Amino acid sequence: MRKQIVAGNWKMNKTLTEAQSLTSEIANMVADEAPDNVQVIIAPPYPFIYAVQNLIPEMGQILLSGQNCHSEDSGAFTGEVSASMLKSLGAQYVILGHSERREQFKETDQELAKKVDAALKNDLKVIFCCGEPLEVREANEQNKYVTQQLTNSLFHLSEEAFKNIVIAYEPIWAIGTGKTASSAQAQEMHETIREHLASKFGKLAEETSILYGGSCKPDNAKELFSQKDVDGGLIGGASLKSRDFTDIIKSF
Ligand SMILES: O=C(CO)COP(=O)(O)O
């Protein structure tokens with residue numbers, strides 16, 4: 001049985017006190033309302049990870065994630081944060097390869113492969129993002145584009161290492177735009193991703209959680225999550241509101 005996951009990517013939002021309030025609200029709502037079998041993950045900005053850690057219950061239904069990390073453990077990289085630092089703050093996951101990192105910070109597939117290695121070496125699980133821009137979708141080249149991203153950054157891993165990878169498919173044209181991929185478009189791509197992963201990692205692909213991201217909201221989550229190969233969501237805007245985020249968690 002694949003793990004069902006709803007992860008909230010807070011991006012560069014909130015002050016410390018706002019982050020603490022949001023975490024407490026989510027913790028209370030999840031305790032009261034969320035189905036036990038859904039793994040909830042929140043990814044606050046780096047400076048808040050440690051401060052919100054003691055606001056989530058120890059049972060582990062809510063886990064913490066970084067939004068990025070550097071590929072080196074330490075050194076002269078002003079402004080950067082390493083996987084070992086995230087681990088020491090209490091994070092269990094890190095998001096890598098988000099399209100905002102790829103586009104704005106020019107992260108390449110090759111660099112992401114190194115970041116994946118750094119995260120796994122430090123016992124972090126990885127939420128690895130992939131997804132095509134609008135012009136690629138319009139040219140109907142999305143399957144080739146996304147599978148190539150996966151090959152380039154993940155196919156060097158051993159099967160043992162790959163067990164720690166969660167995939168997030170985030171079509172760039174759907175992120176923060178209010179445009180969602182239709183459930184059929186999401187299912188088609190998730191199936192393509194799973195088949196591609198199976199070509200390298202065999203049966204493990206059946207165990208890999210593949211999340212959908214891109215304008216996932218309370219009113220479309222149920223339809224998206226009901227698709228055979230959609231195992232949850234990576235949520236941006238709606239993860240900043242405890243009510244919306246919890247309603248998405250309840251959509252399985
Ligand atoms: O980028 C996303 C999550 O990582 C999706 O963002 P939105 O849910 O705001 O579209």
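This report walks through several helices and a few single residues of a predicted model.

## Before we start

Residue numbers begin at 1 in each chain and follow the sequence as it is written. Because the model is predicted, local features need pLDDT of at least 70 and side-chain atom pairs count only at pLDDT 80 or more, while totals for chains, interfaces and linings use all residues.

## Where α1 meets α12

Let's begin with a pair of helices. Two packed helices are described by the angle between their axes and the distance between the axes. Helix α1 (residues 16-33) and helix α12 (residues 242-249) have axes 9 Å apart, at an angle of about 35°. (Axes are lines fitted to C-alpha atoms, for helices over the stretch in contact, and angles run from 0 to 180 degrees between N-to-C directions.) The crossing of α1 and α12 is right-handed, a term used if the near helix is turned clockwise from the far one by less than a right angle.

On the α1 side, the contact is made by Leu22, Glu25, Ile26, Met29, Val30 and Glu33, and α12 contributes Ser242, Phe245, Thr246 and Ile249. Here, two residues are in contact if their C-beta atoms, placed from the backbone, lie within 7 Å. Six residues of this contact are nonpolar, two are polar and two are charged. (Ala, Val, Leu, Ile, Met, Phe, Trp, Tyr, Cys and Pro count as nonpolar, Asp, Glu, Lys and Arg as charged, and the others, Gly among them, as polar.)

## The buried face of α12

Which residues of α12 are buried? They are Phe245, Thr246, Ile248 and Ile249. (A residue is buried if 20 or more other C-beta atoms lie within 10 Å of its own, exposed if 12 or fewer, and partly exposed in between, with C-beta atoms placed from the backbone.) Looking down the axis of α12, you find its buried residues within an arc of 155°, so they line one face of the helix. (The arc is that of the directions from the helix axis to the C-beta atoms.) The elements covering the buried residues of α12 include β1 (4-9), α1, β2 (38-43), α11 (218-225) and β8 (232-235).

(The expected span is 1.5 Å times one less than the number of residues.) Gln142, Val146, Ser153 and Leu154 are the buried residues of α7. They cover an arc of only 85° around the axis, which puts them on the same side of α7. Their packing partners are α5 (109-121), β5 (125-130), α6 (134-138), α8 (159-162), β6 (165-169) and α9 (183-201).

In the loop between α6 and α7 you will find Asn140. Its phi is positive, about 55°, although Asn140 is not a glycine. Asn140 counts as exposed, with 8 C-beta neighbours inside 10 Å.

Helix α9 has 19 residues and reaches 26 Å from its first C-alpha to its last, close to the expected 27 Å. Its buried residues are Ala186, Met189, His190, Ile193, His196, Leu197 and Phe201. Seen down the axis, they fall within an arc of 125°, so they line one face of α9. On the face turned away from that buried side, α9 carries the exposed residues Ala184 and Ser199. The buried residues of α9 pack against α7, α8, β6, α10 (204-207), β7 and α11.

Phe162 lies in helix α8. Is Phe162 buried or exposed? Phe162 is buried, with 21 other C-beta atoms within 10 Å. Apart from neighbours within four places in sequence, Phe162 is in contact with Leu154, Leu157, Phe201 and Leu204.

Ala118 lies in helix α5 and is buried, with 21 other C-beta atoms within 10 Å. Ala118 and His70 are 48 residues apart in sequence, yet 7.8 Å apart in space, C-alpha to C-alpha.

Ser215 sits in the loop between β7 (210-212) and α11. Ser215 has a positive phi near 55° without being a glycine, and Ser215 is buried, with 21 other C-beta atoms within 10 Å.

How values were computed: Helices (H or I, at least four residues) and strands (E, at least two) are DSSP runs, numbered from the N terminus.
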